Amino acid sequence: MTRSDRPEPPYLRVVRRIRDDVLSGRLAEGDLVPSARQIAADWEIALATATKALATLRAEGLVRGVPGIGTVVTGSTTTHSPQERGSSFRRTGRIYPPGQRARIVAADFTTASDQVASALGVDAGSGVIRRRRTTLDGSGTPLSTSTSWFDGSLAGRCPALLVAERIPQGTARYVEERTGRVVISGRDQLAAGTATAEDAAELGVAPGSVVLLRRNRWLDADGDVVEYGESASPPGRWTTYEYVLGE
């Protein structure tokens, strides 16, 4: 039996359920999360297993302990990865969790740089669609700023990509609806780096500040890149990935 065939550990089932409740808005900022004893009783698991589930959620930045009160849902202290946004929409119908929103800074048609052209699989200097956005928490504090690029040939069939307004279902799902190209996989790269002047202005930090840089590609069934993105996040924002290890 491979690892992927084995039942999911009990503590992860609890983590998934509470995480989904937070991301869907069923549990809002400040709401109490069941105690370890209550989780152990409700899920019929050991107290140590319930405690491990809460510790995992705290490590992800989704909950925190408040002396004299218990464990509560935190504010928006996490930066959600492209993978998490995509899977969140499929689970909950929402791209961003409650308390977060995206401000579309720009949407235009421009010329592909060497890096963008290579990522999209088009010739350098080709026309591409560029969308720039900044994600904010409920108080308006920037969580990340990002830019997505698309092959310019999509302009005719996907005109909303060129409008500086939110696309409720997300850009990848919008392209799927308009073209039939379904995103089935993604590839992310992360590195520490410094904020450009443009990123710094959006994040409210000094140019050259240390930030987390991310490049992501969303691919269709043919392995072609539907969307290529680059983003920057300020320090103190955790990103969580989940994966299964096979034998």
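The model is predicted, so local features need pLDDT of at least 70 and side-chain atom pairs count only at pLDDT 80 or more, while totals for chains, interfaces and linings use all residues. Residues are numbered from 1 along each chain as its sequence is written, and side-chain values use heavy atoms, with hydrogens and water left out.

The chain holds seven helices and nine strands. Both are DSSP runs numbered from the N terminus: helices are H or I with at least four residues, strands are E with at least two. Of the 247 residues, 43% are buried. Buried means under 20% relative accessible area, exposed means over 50%, and partly exposed lies in between (1.4 Å probe, protein chains only). The accessible surface of the chain is about 12,700 Å², and carbon and sulfur atoms make up 51% of this area. Accessible areas come from the Shrake-Rupley method with a 1.4 Å probe; for residues, only the protein chains shown count as cover. Among contacts (heavy atoms within 4.5 Å) with a separation of 6 or more, 58% link residues 24 or more positions apart.

Ser 148 sits in strand 6 (residues 142-151). Its relative accessibility is 4%, so Ser 148 counts as buried. The side chain of Ser 148 makes a polar contact of 2.7 Å with that of Glu 227 and another of 3.2 Å with that of Arg 133. A polar contact is a pair of N or O atoms within 3.5 Å; within protein, one must be able to donate a hydrogen and the other to accept it, and residues adjacent in sequence count only if both atoms are side-chain atoms. Beyond neighbours within four places in sequence, Ser 148 also touches other residues, including Ile 129, Tyr 228 and Gly 229.

The count of salt bridges is ten. Each is a side-chain nitrogen of Lys or Arg within 4 Å of a carboxyl oxygen of Asp or Glu. One pairs Arg 132 with Glu 198 at 3.7 Å, N to O. Arg 132 lies in strand 5 (residues 127-137) and Glu 198 in helix 7 (residues 197-203), so this pair ties together parts 66 residues apart in sequence. Arg 132 is buried, at 8%. Another salt bridge joins Glu 8 and Arg 16 at 2.4 Å, N to O. Glu 8 is partly exposed at 27%, and Arg 16 is partly exposed at 37%.
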